[in-house]
Amino acid sequence: MNYKSTLIYLIISTLYLLTLKLVWIILSVLQGLEMTSITLEKNLILGLSISLLSILFGNKINLLIKNLGLSLVFTYIFYVINNVTPLWFYFGIFLIYFLFLNNIRNYDLKYLNQPHVIEKVTFKYITLFGIVFFSLVILFPFYIMLVTSFKTQASLLMNPLDFSLDFTKSFKEFFKSYFVVFKTYNFSRYILTSTIVSIGTVIITLLFAIPAAYAVARLNFFGKTFLSTSILIIYMFPAIVLVIPLYTIFSQLGLRNSISGLLIVYTATTLPVAIYMLQGYFKSIPKEIEDAALIDGHNWFGIILKIIIPLSLPAIASVALYVFMIAWNEFLFSLMFLDNPKTFTLSRAINYLSGDAETPRQFLMAGSVIVTLPILLIFIYFEKYLVGGLTSGSIKG
Amino acid sequence: MADKLSKIEKRTAYALILPAILLVFSIILFPIFANIWISFKEVELKDIRIPEPRAKKIIKSIPEDQTKLKIVYKLRNSSLLENITDVKLKDKLPANIEFVNIDPRCNFKSRTLSCSFGEWKAKYRENLEFIIYNVNGNLIDKKSLKSKKPKLSGKADNILLTTNFTLNNFKKVFFKNDFKDLLLTTFYFTFFGTLGAIIFGVLAAQLVNQKFSGRTFMRSILLFPYVGPVVALAYTWTLLLDPNSGTLNALLIKFQILDQPINLLGQKYLTFQFLGIDLKLRLALTTVIFFEIWRYFPLAFLFVLARLQAIPKDLYEASDVDGAGPLNKFFNITLPQITAIISILFMIRFIWNFNKFEDIFLLTGGASGTRTLPINVYEQGFAISNIGMGSAVSMVIVLILIIFMILYFKLIGKRANEL
């Protein structure tokens, strides 16, 4: 038996188990569990013994029986030690034990004798910790956003930890914030504006970018290298240095508070990146196909329309989704250019709501859910394309 | 023939590119030059409106004499600050109308009333009144009288187009604006934000590069903070960190880690003791940096993961044969393979974070020691309404940016295209 590696294995796995339990306790406290202190020593002993038992049993008995048995026994012990009420809490604890045992199923005394086993075990646990850490850190704010939109300001001020949802409420009562946000705060209008602006930006950007990218990728003309370098440089200029001159110019031209003004700015700021992304893809299309089409008597317009576009649909989809995301999420220009509620985009509307300290937070969060949900759904559905767009274009952002 | 073809090719190329160039030029390049221009002028937000002469035409009946009507032109200078010179008014009236009295500045010829007023001072107002009657004694049709609007013209200086320049804005930026503090805060924010995002990005990429169940799910959610709209995420964080009713503070107090709630976004310094030394931490700035890391590590993650997955598997297999452990593998195989991408990422993200505005603006508005240069542009330009000052600050940003870009292109510009 390798004492050193066994000891390290025991310590790390105990810590890991403790982390899992802590996360579960925090989440349960948010659902109304009354547990203010965790007896650290007892939990450490519990963790140590379950890890030790697991490797001692090894694979001498059936894995499922071992895991189920150990989880049940230790859940019971946990219950005896802590003795707090709700049953679902222990169900979670049981699941954690079960998951944990499943994670360490490969470890037995023989395994711990292998070379580099300390590093291997540490790496494995770092991965496990990483999964827990990143999931918690990323999903927690989204969870708070979603749940807050179903609560009321008064109840949250009284007990900021009570995130339990009352599912017995009627449908209308349960989604009250959303009804209010749509009715009193006119969010349907803002959704429409945001959609028009985003889709409009995508279409106009593509209309301008596809021909330009084709020319940069394929045709020979004076100033080509200069142009392709300047695309990259222009693309690095941030919105904040454009905002004051654009504000003054747009004020004098009467383009502020208009959707067309916003469309112009969004298109111009996304054009360089769109051209940059598209020309890279166009270059990868074999030139012979075009030459054949040229001989067949197609002109360049026909080549773009009949060959380039159909062949590069995935790249165009990537660019379109990426541009859509930028336009949908954009905030700075909509803050500067829009001060009439009639032309607000969703982002600007939420900012406007928050400007009034009287706005209850559930309405603010309902608005936030409304602006976040579409873009996340689009992302999940088209993940492949959007990730493609992100990697080729999102040096910016 | 070949010559002709290449000529056509050139012409096509220009035709294809021109629309894009024109748009980018007018919305991105032209404003940058306009910025230089404005930064040397003393312009305030209220000066932006071009002064123009205005007139409102009102028709009044005269009760004693139904055949006559009174026309009142309510004249004013729209600007409270600027004079307008050479103001002229023109108004076309229906046929057969004569004036009872006429102002000496005006004359009436071939149905057109034309007046020239000379200069209108700022805030100028006047009611110009005429009495008119119909030559053939009929009643005057009020509607046709009202239907035409008077035309006004005048010359006014557009403050943006005058040529008085001054260095005052830049003097103020460098000497009266806590410039050192501003620059330092911006650099803290940028440096630690970028570094943190890359460290967490590498960790996350290393994580997702392992085999475990739920790996694709993990990869999706790791990108959420970047994909979500900044407004929604920033407000969620503000609620989460709120000192009075925020979840985080409530949790920390409930588990007796803190006695007092801390205002993570509203407190400038946090003093604490470490090894007997009193240390001061820029608390609000640190929180904002953490938000920045949270929101942008997905990008570093994405790039590093793509690189990691391109590392040939046989490298690892060979090292397995040699009996190398995971730590050894990471330092000797993985790390050398990703240093290039990390340095490129660092430069690019550094440039972008340097210009970050929304995140800080939404979280703290630049208060409690989080005022960076981009925030200052907004404050000067729109909160204090001094457009010229705002422009000057943004010029400073542009200059620093140009230095960064030169560095970037010198160091890794060519390799960036290989990405």
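## Interface between chains A and B

Chain A and chain B bury about 9,200 Å² between them, and carbon and sulfur atoms give 81% of that area. On the side of chain A, the residues that lose the most area to chain B are Phe134(A), Met236(A) and Ile244(A), which together account for 8% of what that side buries. The model discussed here is predicted.

In terms of contacts, 105 residues of chain A meet 102 residues of chain B.

## Polar and charged pairs

Between chain A and chain B, eight residue pairs are in polar contact, with both residues at pLDDT 80 or more. Helix α5 of chain A (residues 117-148) supplies the largest share of the side of chain A that touches chain B, namely 18 residues. By residue class, that side of chain A comprises 77 nonpolar, 21 polar and seven charged residues.

One salt bridge is found across the interface of chain A and chain B. A salt bridge joins the side chains of Glu383(A) and Arg219(B), with an N to O distance of 3.6 Å.

Gln362(A) lies in helix α18 of chain A, which spans residues 361-381. Gln362(A) counts as buried because its relative accessibility is 8%, under the 20% cut-off.

Apart from neighbours within four places in sequence, Gln362(A) is in contact with Thr148(A), Ser149(A), Lys151(A), Thr152(A), Gln153(A) and Ser177(A).

## Domains of chain B

Chain B is divided into domain 1 (2-39), domain 2 (53-156) and domain 3 (170-416). Taken over C-alpha atoms, the centres of domain 2 and domain 3 of chain B are separated by 63 Å.

Conventions: Residues numbered from 1 in each chain as written. Chains lettered and ligands numbered in written order. Predicted model: local features only at pLDDT ≥ 70, side-chain atom pairs only at ≥ 80, totals over all residues. Heavy atoms only, no water. Domains from an automatic or database assignment. Helix = DSSP H or I, 4+ residues; strand = E, 2+ residues; numbered from the N terminus. Buried < 20%, exposed > 50% of the residue type's maximum accessible area, 1.4 Å probe, protein only. Contact = heavy atoms within 4.5 Å. Buried area = accessible area lost by both parts, 1.4 Å probe. Salt bridge = Lys/Arg side-chain N within 4 Å of Asp/Glu carboxyl O. Polar contact = N/O pair within 3.5 Å; in protein donor to acceptor, adjacent residues only side chain to side chain. Nonpolar A, V, L, I, M, F, W, Y, C, P; charged D, E, K, R; others polar.
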